[in-house]
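Hi,

Here is the structure I said I would pass on to you. Have a look at it first, and then read on for my notes.

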Amino acid sequence: MTDTPTTDFFLTSEDIDAIGRVGSIGARHAARALSRLTATSIRLSKPEMKTLSIGEVPDLLGGMDAPAMGVLIPFHGDVVGNTLLLYSDDGAKELLKLLFPGDDEVTEELKDSAIAETGNILAGAIHTVMSRLTERILISLPPITVQDMAGAILDPLLAEAGSYTDEVVTLVFHLSDEDGTCLVKTVLIPGIECLQLMQEAANRLETG
Amino acid sequence: MDLVVVGISEYKFADKPDRLITYGLGSCVAIILHCRNSGVASMAHVMLPMSFTGDKISTPGKFADTAIVAMLKEMDGRGIGPGSLEAKLTGGADMFAGKIKGMSRRIGARNVLATRKTLGNYGVKILAQETGGNTGRTAEFHTEDGSLIVRTLREGKVVL
């Protein structure tokens with residue numbers, strides 16, 4: 001029952017910048033896939049890398065008890081872990097406007113499915129980049145969506161980080177339409193195994 | 001009357017008539033210790049079951065075992081022993097209904113188990129518990145009457 005770290009794990013600011021480059025490659029692939037899916041032009045920014053104390057992470061989504069939507073994409077294969085994407089309540093509404101421009105009558109079922117698929121595409125693209133660079137087999141599992149308080153959705157991945165350190169690495173992406181009028185903030189939290197793989201992938205990227 | 005906000009990995013104290021509150025519990029657990037005679041209460045918002053470095057840890061409020069020890073020590077400094085305390089617990093949810101992988105699997109249940117075990121080791125009576133499920137919770141404790149109000153987004157509130 002004792003939560004002992006499985007390894008020493010420490011990231012320098014250079015490591016975090018390099019992890020951001022892995023995220024950028026994933027974002028480029030994801031933007032193309034989302035544009036194809038929606039038959040529109042969707043842009044995805046390079047990730048803004050933030051290292052926050054555990055208590056600060058929910059503030060990215062409006063606070064601990066703010067309503068939010070989370071999409072968990074677990075993966076298995078050579079490594080088992082999780083990637084979590086989060087939207088504030090307003091962010092999830094904006095995302096639907098981006099995915100279904102001009103359609104105000106999106107059903108709850110379609111809303112969940114569209115947000116899950118968007119998360120799946122973004123996390124899946126990053127998993128693919130990690131897999132290719134590290135030459136490890138990674139299989140993304142079906143996404144799981146949860147609507148609840150931001151702090152509650154974040155808890156399991158904050159606990160993973162908390163067993164090593166008091167800080168969490170977050171990647172903040174912005175999705176937008178062609179003219180930038182619709183802008184959606186997406187917060188990506190890599191689970192600890194995902195973060196270790198991103199670091200390994202980043203090292204491979206640096207060494208060519 | 002003050003409202004004392006307890007953040008993640010923190011524990012705080014309040015005296016009658018103040019209230020203690022912690023927001024957005026998922027797999028984390030809120031542990032409340034209350035002395036009815038003196039009106040003193042303490043609330044912790046713990047993330048993990050047990051510490052691997054014991055009481056040398058810099059943030060005792062992060063772990064169930066070290067948080068309880070730290071709260072009991074401070075209660076002792078106020079002349080309150082474990083036998084005079086009542087505990088209430090909430091949180092410990094499984095937010096992704098068993099589908100999360102890796103080290104955070106069943107973290108909510110493990111947090112609850114470690115909390116119950118540590119309280120039992122020190123002889124603190126557990127008066128009420130509202131834990132588990134798949135929902136986020138906000139917990140507010142009233143030192144005046146010892147009530148714990150647990151609010152959720154989907155299922156309303158319960159009073160323990």
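This is a predicted model: local features need pLDDT of at least 70, side-chain atom pairs count only at pLDDT 80 or more; totals for chains, interfaces and linings use all residues.

Let's begin with helix H3 of chain A, which covers residues 108-134. It has 27 residues, and at 1.5 Å a residue it should span 39 Å. Just after H3(A) comes Glu135(A), with a positive phi of about 55°.

H3(A) packs against two other helices that I looked at. In general, a pair of packed helices is described by the distance between the axes and the angle between them, so that is how I'll go through them.

First, H3(A) with helix H5 of chain A, residues 192-207. Their axes come within 9 Å and cross at roughly 55°, which makes H3(A) oblique to H5(A). The crossing of H3(A) past H5(A) is left-handed. If you want to find the contact on screen, pick out Ile126(A), Met130(A), Leu133(A) and Thr134(A) on the H3(A) side. They meet a set of H5(A) residues made up of Cys194(A), Leu197(A), Met198(A), Glu200(A), Ala201(A), Arg204(A) and Leu205(A). Sorted by class, this contact of H3(A) with H5(A) has eight nonpolar residues, one polar and two charged.

Then there is helix H2 of chain A, residues 89-99. The axes of H2(A) and H3(A) come within 10 Å and cross at roughly 85°. An angle between 65 and 115 degrees counts as roughly perpendicular, and therefore H2(A) is roughly perpendicular to H3(A). From H2(A), the contact uses Ala92(A), Leu95(A), Leu96(A) and Leu99(A); from H3(A), it uses Lys111(A), Ala114(A), Ile115(A) and Thr118(A). By class, the H2(A) and H3(A) contact divides into six nonpolar residues, one polar and one charged.

Now over to chain B. Here you'll find an open sheet of five strands, in the order E1-E3-E8-E9-E10, with mixed pairing. Which strands are at the edges? They are strand E1 (3-5) and strand E10 (157-159) of chain B, each pairing on one side only. On average, neighbouring strands in this sheet are turned by 20° against each other, ignoring direction.

At the E1(B) end, E1(B) pairs with strand E3 of chain B (residues 19-25) in the parallel sense, over three bridges.

Cheers

Key: Residues are numbered from 1 along each chain as its sequence is written. Chains are lettered from A and ligands numbered from 1 in the order in which they are written. Side-chain values use heavy atoms; hydrogens and water are left out. Helices (H or I, at least four residues) and strands (E, at least two) are DSSP runs, numbered from the N terminus. The expected span of a helix is 1.5 Å times one less than its number of residues. Axes are lines fitted to C-alpha atoms, for helices over the stretch in contact, and angles run from 0 to 180 degrees between N-to-C directions. Angles under 35 degrees count as roughly parallel, over 145 as roughly antiparallel, 65 to 115 as roughly perpendicular and the rest as oblique. A crossing is left-handed if the near helix is turned anticlockwise from the far one by less than a right angle, and right-handed if clockwise. Contact means heavy atoms within 4.5 Å. Ala, Val, Leu, Ile, Met, Phe, Trp, Tyr, Cys and Pro count as nonpolar, Asp, Glu, Lys and Arg as charged, and the others, Gly among them, as polar. Two strands pair if DSSP finds at least two bridges between them.
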